[in-house]
Amino acid sequence: MARIDLEDVGHRYAGAGDSWALRPMTMTWKDGGAYALLGPSGCGKTTLLNIISGLITPTRGKVSFDGRDVTALPPEARNIAQVFQFPVVYDTMTVFDNLAFPLRNRGWDKPRLQKRVEEVADILELQADLGRRARALSADQKQKISLGRGLVRPDVAAVLFDEPLTVIDPHLKWLLRRKLKQIHQQLKLSLIYVTHDQTEALTFADQVVVMSQGEIVQIGTPEELFETPAHRFVGHFIGSPGMNFLACEWHAGAATIAGVRVATSSTQTPPAGAALSIGVRPEHLELAPAPGPNTVPARIAAIRDQGIQTMVQLEVGASLAWAKLRNSPGALSSGTAFARLPPARCALYADERRVP
Amino acid sequence: MSSAKPVNQRAWWFVLPVLISVAFSALVPLMTIVNYSVQDILGPDQAVFVGMEWYKEILRDPDLHGALYRQLIFTAAVLAIEIPLGIALALGIPERGWRASLTLVLLAMPLLIPWNVVGTIWQIFARGDIGLLGYVLTQLGVDYNYSQHPTDAWVTVLVMDVWHWTPLVALLSYAALRAIPEPFYQAARIDGASRWAVFRHIELPKMRGVLTIALLLRLMDSFMIYTEPFVLTGGGPGTATTFLSQYLTQKAVGQFDLGPAAAFSLVYFLIILLLCFVLYNFMKDPR
């Protein structure tokens with residue numbers, strides 16, 4: 001286990017011209033942390049993971065483990081474990097030999113190795129299959145073996161997961177995710193988990209690193225990402241549906257929508273000339289019967305009763321917004337209404353970024 | 001109404017073209033051979049049924065034993081050299097880019113040359129007086145002469161076959177290697193696997209299917225080798241390169257012993273079939 005520091009690390013793939021697969025960035029991964037790297041396909045999260053594991057040498061910057069520069073070291077010299085999206089098992093070996101393989105390559109003696117493999121098999125509930133040929137197993141079980149090989153070395157700087165549950169069926173996915181969380185608490189390993197699934201990221205990680213287009217846009221706890229997205233992308237990406245962004249103007253020191261002053265949690269003045277909007281979660285947007293403070297005129301465009309909640313689509317000026325109403329709002333009908341934006345629950349965004 | 005699915009016997013007509021072509025291309029010639037093998041053909045209209053006589057004669061023929069023995073050693077040598085060498089070559093071919101294309105084209109060249117031309121090339125190439133290889137060997141003091149020394153002739157045919165067919169094994173293996181997903185190699189690096197372990201536990205198992213095909217192809221082809229030794233020395237010197245098909249041709253065409261030749265054809269066929277069967281079952285997925 002180790003603290004991992006990335007200093008000005010960036011990567012360009014050969015032949016990709018000037019575009020960064022990963023824009024130069026600096027960050028520290030704390031020892032023993034459970035991190036999720038969250039972002040859509042092609043955002044650079046696997047590139048970042050492979051830079052940490054050493055499968056890719058970054059175009060620029062420095063990677064260090066506990067202060068030791070490992071930028072030039074290959075993965076085998078870095079003391080890191082990685083689990084891939086699709087199960088990688090050694091077909092010719094038994095499950096036991098598969099799990100023991102990373103340890104044997106590092107010269108563990110037999111009794112110690114035996115004990116460790118059994119521990120890991122125990123955690124992943126693979127004891128019954130230890131003697132079986134790995135190739136005869138189902139995809140689920142093969143991926144468990146891959147996970148096991150990732151977890152079997154107790155001294156690794158970190159265990160990296162690259163969307164490891166993609167091929168697992170939904171029920172088992174849920175169990176394994178909980179298992180990983182449990183393993184993290186038991187073994188105090190540093191885990192970095194790449195996923196494009198927000199539920200997976202939010203349930204697994206203490207810290208979620210959200211990436212978009214080769215850039216880290218926010219690092220925070222699941223709650224922070226939900227309550228105070230630093231970037232419009234985070235607002236869109238986290239939550240279902242994502243955050244509403246209502247276009248607004250800046251008049252006399254305050255944001256206004258359709259002439260109504262809207263107070264927000266942002267305290268600073270946005271830079272002049274930026275495209276402004278107010279972000280508010282569908283969960284926090286309220287319907288009001290009459291005009292009032294922070295309440296703007298709207299038009300109800302659509303109503304969807306989802307049983308435990310009602311989704312109402314509103315047109316506020318030129319913007320569309322969803323409101324998620326917990327309690328049945330009674331008789332709702334299309335037409336004119338008013339939307340209230342709770343000041344503490346909404347924030348001002350200049351261009352893409354949140355105004356502090 | 002019966003719940004049974006209606007059976008349409010007319011569907012058999014669809015199978016008929018295949019049946020007819022198989023009958024004429026395989027069954028009829030095969031049955032002709034079976035017919036010949038149990039008769040003594042004295043003339044176009046004269047034949048005597050002799051039962052298993054030819055089979056008994058053939059199986060006791062020391063010439064056949066010699067040819068079979070040479071053939072087995074030759075085929076074993078072909079497989080033992082071409083398969084490992086082909087794999088080694090495949091591992092050395094660049095993964096992509098113009099170097100890969102160039103290597104593949106160069107490697108595939110021997111495959112484009114007809115058998116008799118291969119025989120002729122080597123017949124000249126290995127001659128002591130005018131052939132580059134033979135001349136150099138002779139000048140180096142090696143007593144090499146394929147038309148006089150049985151071992152030299154045998155080795156020359158073997159080298160010829162290796163030169164001609166190793167590229168096939170290499171190309172097949174190369175295709176199998178390229179089909180291995182990158183994460184297997186990445187995981188092996190993370191696991192600290194040695195180069196040998198990567199080969200033993202990832203590459204070799206993933207090449208298994210393709211290698212089975214390569215092995216079967218080379219087994220069958222080398223077992224039927226005819227043209228190259230025929231062009232080089234006509235099966236000699238002596239009987240050094242008289243393999244099974246030379247022996248068969250000498251019997252059937254040279255001496256016109258149709259009965260024994262037919263009996264031997266069937267035995268030959270059964271030997272190949274048996275070897276392929278054994279090998280296939282040995283190489284098959286042990287699932």
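Trainee: What should I know about the model before starting?

Mentor: It's predicted: local features need pLDDT of at least 70, side-chain atom pairs count only at pLDDT 80 or more, and totals for chains, interfaces and linings use all residues. Residues are numbered from 1 along each chain as its sequence is written, chains are lettered from A and ligands numbered from 1 in the order in which they are written, and side-chain values use heavy atoms, leaving out hydrogens and water.

Trainee: Is A:Cys346 buried or exposed?

Mentor: Buried means under 20% relative accessible area, exposed over 50%, partly exposed in between (1.4 Å probe, protein chains only). A:Cys346 is buried, at 1%.

Trainee: And which residues have the most contacts inside the largest nonpolar core?

Mentor: In soluble globular proteins, nonpolar side chains tend to be buried together. A nonpolar core is a set of buried Ala, Val, Leu, Ile, Met, Phe, Trp, Tyr and Cys residues joined through side-chain atoms within 4.5 Å. The largest has 84 residues, and those with the most contacts inside it include A:Trp29, A:Phe65 and B:Phe264. Apart from it lies another core, of 49 residues, A:Phe96 and A:Leu124 among them.

Trainee: What does A:Trp29 touch?

Mentor: With contact meaning heavy atoms within 4.5 Å, and leaving aside neighbours within four places in sequence, A:Trp29 meets residues including A:Leu6, A:Tyr35 and A:Val209.
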